[in-house]
Amino acid sequence: MGMDKETTNTDLQSTASELPRLDSDYNAESTTRVASLPNLLQGVAKATKALLTNSDSLRDSFASRSTAINEALAILGQATAAHRVSVCEYHPHPVTGELALSCRFEWVQSGITPQQNNPLLQNLSQSKFDLQAWYQHLTAGYSFIAIASNLSPPQRQFLESLQVKSILLVPIPVESKIWGFIGFSDCYHEREWSQDEEAALTTIAVTLGSILAYRQMSDVLYSERQQAQVQLAESEERFRLMVEGSEQVFFYFYDNDYIFQYISPSVHAVLGYAPEELVGNIYELVFHESSQRLADDLIGKRVETYAIQARHQDGRLIVLEIAESAIITNGQFVGIQGFARDITNRHQALEQLKAIAKRDRLLRGMAERIRTSLDLQTILDTTVAEVREFLQADRVFIIDANIRGSNSGVIAESVAGNFRSMREWTNCENHAKAIQSYFANKNIDVINDTNKIDVPAAIAQDFIDFQIRAIVSVPIVVADELYGLLVAHQCSQAREWNTDEIGLLEKLSTPVAIAIQQAKLYEELQRLNASLEQQVEERTQELRQKYTELEELQNIKDEFLQAFSHDLRTPIMGILLVMKNLHSLSNGKSATISLAVLERVIQSCDRQLQLIESLLEAHSSDVKGLTIQQVPLSLHTFSQAIVKDLEPLLVKNQATITNQIAVNLPLVAADPLHLRRVFENLIANALNHNPPELSLTLNAVVGNEMVCCTIADNGVGIDRDLCEQLFDRYIRGSRSRATGIGLGLYLCRQIITAHGGQIGVISQPGAGAQFWFTLPLAN
C-alpha cells in the first residue's frame with residue numbers, strides 16, 4: 001500500500017509547535033532520556049485521538065489521514081522525548097522484488113537532520129545492512145530495542161549514517177500482517193527504552209494499523225467506484241457513437257397488431273437477427289416475457305423513452321431503450337415508429353455503481369456505529385439485518401464458534417419470516433470441532449447448491465431441517481484466533497454467489513471482529529472498574545472499622561484513667577484524712593495511733609500497691625511475656641488450699657464455695673503461683689460483681705488431653721456482648737459493686753495462654769456466670 005511521501009519535516013515541526021508541550025524527565029547533560037509514564041500515556045491518548053477524529057470520507061481520507069499521522073508523530077515525539085519519530089513500510093523492491101523498506105512519514109526535533117528524503121531510506125533492501133533480523137523480530141510480534149554500538153557492524157554502520165545512537169521499533173499490524181513499524185530514535189545518547197514506553201507505544205501502533213487497514217478498505221472501495229464510473233462513462237460514450245453513427249435499430253409497424261413492417265439492418269448488431277427474420281412477426285418475438293406487459297401498456301402512448309428487456313438470438317437477455325412515436329395520417333392513428341438501442345452495458349454499470357454505493361454506505365455505517373457505540377448487540381443485530389437486505393438473502397447470522405452444547409452459539413440473526421431461526425440449531429461437539437478444524441486456516445466456505453455436495457449425514461439433515469440451499473461462511477478472527485463465522489443462507493433456492501457478494505462478507509468480517517474486540521476491552525474495563533470500586537469500598541470499610549476501634553480504645557482509656565485515678569485517690573484520701581485528724585488533735589505534740597487506724601492505713605497502702613503492681617504486671621506480660629514454671633499439680637488439693645485461704649473474704653461477703661473437683665483427677669502441668677492468681681482473681685471477681693450470699697461451685701473435667709476447670713456462680717449474670725470482650729485490657733463490668741481498673745481478667749487470660757490453654761465465660765443476665773479455663777495434663 002502506497003503512503004504519502006510529500007509530507008515534509010517542516011510541516012511536522014509546524015504541527016508540533018501548535019501542540020501543547022508534554023513534559024518528560026530529561027536532563028540535557030545526562031546520558032538518559034526517560035519519558036514519564038503519565039505524560040507518555042497522555043501523549044498516546046492524544047495521538048490516538050488525532051488518528052481517530054479526522055475525516056474519513058473516501059474523497060478526503062488520503063489527505064486527512066496523512067495530516068492525522070503527522071500530528072500523531074509530533075505528539076509522540078514530544079511525549080517520548082525522542083529526537084526522531086518515523087513510520088516505515090515493508091514492501092517488495094520495485095526492481096528486484098526482494099523485501100525492502102521505505103520511510104513514509106517522519107518527525108524530527110529541532111536541530112536534528114531530517115531523513116525522510118534520504119535516498120537510502122527509500123526502497124532499502126533488507127539484505128544491504130543485514131536488516132533481516134529486524135524484520136523477523138517484528139514479524140514475531142515483538143518490538144526491537146537496540147543501542148547502535150551493540151549491533152553488528154553493518155547494522156551499526158546503517159544507524160550511524162542516520163546519526164542514531166539508540167532505537168525502539170514497534171511493529172504496525174495490518175490485517176494480522178506486519179505492514180511496517182514506528183521507529184523512535186535517540187540521536188545523542190545510548191538510551192535504554194523502558195517496558196512501559198514499549199507497551200504504551202505498542203498501543204498506538206495497533207491504532208495506526210487499524211487506520212491503515214481502514215484506509216486500504218476505503219481505497220479499494222474508492223477505486224472500485226471510480227472504475228465503475230469510468231465504465232459508465234465508456235458505456236455512455238459508446239451509446240453516443242452508436243446514435244451518431246445511426247447504429248440504433250429503427251422500426252415501425254402499422255395498425256394495432258404490432259407486427260414489424262420494417263426494421264433497420266443494425267438490428268443484427270443489436271439483437272443478432274437479420275431484418276428479414278423479424279419483418280412480418282409480432283414484437284413479442286424479441287421482447288422477454290417479463291417485459292411484455294410493460295410493452296403492451298406503453299406502446300402507442302406518449303412516452304418519450306422506456307427500457308425493456310429483449311431476447312437476443314443467442315438467448316441472452318439485453319436491455320433496450322425504446323424511443324417511439326405514433327404515426328398519424330389524416331388525423332388517424334395508423335402505426336408506431338421508433339428507435340431502439342442496446343443499453344445493456346450502461347444498465348449493468350448503473351446497477352454495479354448502485355451496488356458499490358450501497359455497499360459503501362453499509363461499510364461506512366458499520367464503521368460509524370463501531371466508532372460511536374459500545375453496544376455490541378445492537379451493532380451486530382443491525383449489521384446482519386443490513387447485510388441480509390443488501391444480499392437479498394433469506395438468512396444472515398453470526399455464530400460464536402466457541403459455544404458448545406444446547407446453545408446454538410448464534411449471537412445475532414436476521415431471517416425471513418417464513419424460515420426457521422438458526423437459534424433453534426444445536427451446536428454439538430462434532431459440529432464445533434468441524435468448524436474449528438475447517439476454518440482454522442481462515443478459509444471462506446462457499447456452497448452454491450447444497451444438493452450437489454457430499455456431507456456427513458448430520459449436516460445433510462441440518463440442510464433439510466433449516467431449508468438451506470446455498471451458503472457463504474466467512475471466518476471472524478479476533479486477536480488472531482477464530483472467534484466465529486459470518487454466515488449467509490439462501491433457503492428458497494440454489495444461488496450462484498458472485499465475487500462481489502463474497503468480498504463484501506469478507507470485508508465486513510474485519511469491522512465485526514473490531515467491534516467484538518472493542519466490546520471485550522470495554523467489558524474488561526468495566527470489570528476493572530467494578531474491582532476498583534470494590535477495593536475502595538473494602539478499604540473504606542476497613543478505615544471505618546479502624547476508626548470505630550480507635551473510638552472504643554479512647555473510651556476504654558477514659559474509663560481506665562477515671563477508674564485508676566478513683567482507686568488511687570480513695571485510699572490516699574483516707575490516709576490523708578486520718579493524718580490530718582491526728583495532726584489537729586496533737587496540738588504540736590506526739591500523737592498515739594490506734595490499731596484500727598493503723599490497719600486502715602495499711603489496707604489503703606496495700607490497695608494502692610496492688611493497683612500499681614497489676615498495671616506493671618499487665619504491661620510486663622505484653623512486652624516480655626510471662627515466664628512460668630510448670631510442675632505436676634493436683635487441682636483438688638490446690639483448690640482446697642485456695643478456698644481455705646479465702647475464707648475471710650467469703651465470710652465478709654456471706655458467700656459459700658462448693659469444691660466438686662475430684663480427688664482422683666489427673667495431675668495438670670501448671671505454675672502454682674500464677675495459677676493461684678487465676679483462681680483468686682476469678683473468685684474475687686465473682687464476689688465483687690454480685691450481691692452478698694453468693695454461691696460458687698468449683699469443678700474440673702478431662703477431655704482432649706486437657707483439663708477444663710469451671711467456676712460457676714448463681715449471681716446476676718453478664719450481658720452476652722460483654723462476655724466477648726471481658727478478658728480484654730481495661731474492660732470493667734457494668735454490674736460492679738467495687739472499683740477496679742479492668743486488669744484482673746486480662747491477666748488471667750495472659751496466664752492461661754502462657755500455659756497453652758484457653759479461657760472464657762458463659763453467661764446471660766439473671767442466670768449467673770460460669771468462667772472456664774483449660775490446662776494441659778502433666779506427662
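**Close-up views of a predicted model**

**View 1. Polar contacts of S125.** The side chains of S125 and S127 are joined by a polar contact of 3.0 Å. The model is predicted. A polar contact of 3.0 Å also links the side chain of S125 to that of E98. Beyond its neighbours within four places in sequence, S125 is in contact with L99 and A100 as well as E98.

**View 2. Burial of S125 in strand β5.** S125 lies in strand β5. Its relative accessible area is 12%, under the 20% limit, so S125 counts as buried.

**View 3. The six-stranded open sheet.** The strand order is β5-β4-β3-β8-β7-β6, and the pairing is antiparallel. Strands β5 (124-125) and β6 (144-147) are at the edges; each has a single partner strand, so one side of each has no neighbour in the sheet.

**View 4. Pairing of β6 with β7.** Strand β6 and strand β7 (residues 166-174) run antiparallel and are joined by four bridges. One of the residues shown is F144, whose bridge partner in β7 is L169.

**View 5. Helix α4 across the sheet.** Helix α4 (residues 132-139) lies across β3 (84-92), β4 (99-108), β6, β7 and β8 (177-186). The helix runs at about 50° to β7.

**View 6. The whole chain, for context.** The chain holds 20 helices and 25 strands. Of its 779 residues, 44% are buried. Among contacts between residues at least 6 apart in sequence, 63% join residues at least 24 apart. The chain exposes about 40900 Å², of which carbon and sulfur atoms supply 52%.

Technical notes: Residues are numbered from 1 along each chain as its sequence is written. This is a predicted model: local features need pLDDT of at least 70, side-chain atom pairs count only at pLDDT 80 or more; totals for chains, interfaces and linings use all residues. Side-chain values use heavy atoms; hydrogens and water are left out. Helices (H or I, at least four residues) and strands (E, at least two) are DSSP runs, numbered from the N terminus. Buried means under 20% relative accessible area, exposed over 50%, partly exposed in between (1.4 Å probe, protein chains only). Contact means heavy atoms within 4.5 Å. Accessible areas come from the Shrake-Rupley method with a 1.4 Å probe; for residues, only the protein chains shown count as cover. Two strands pair if DSSP finds at least two bridges between them. Axes are lines fitted to C-alpha atoms, for helices over the stretch in contact, and angles run from 0 to 180 degrees between N-to-C directions. A polar contact is a pair of N or O atoms within 3.5 Å; within protein, one must be able to donate a hydrogen and the other to accept it, and residues adjacent in sequence count only if both atoms are side-chain atoms.
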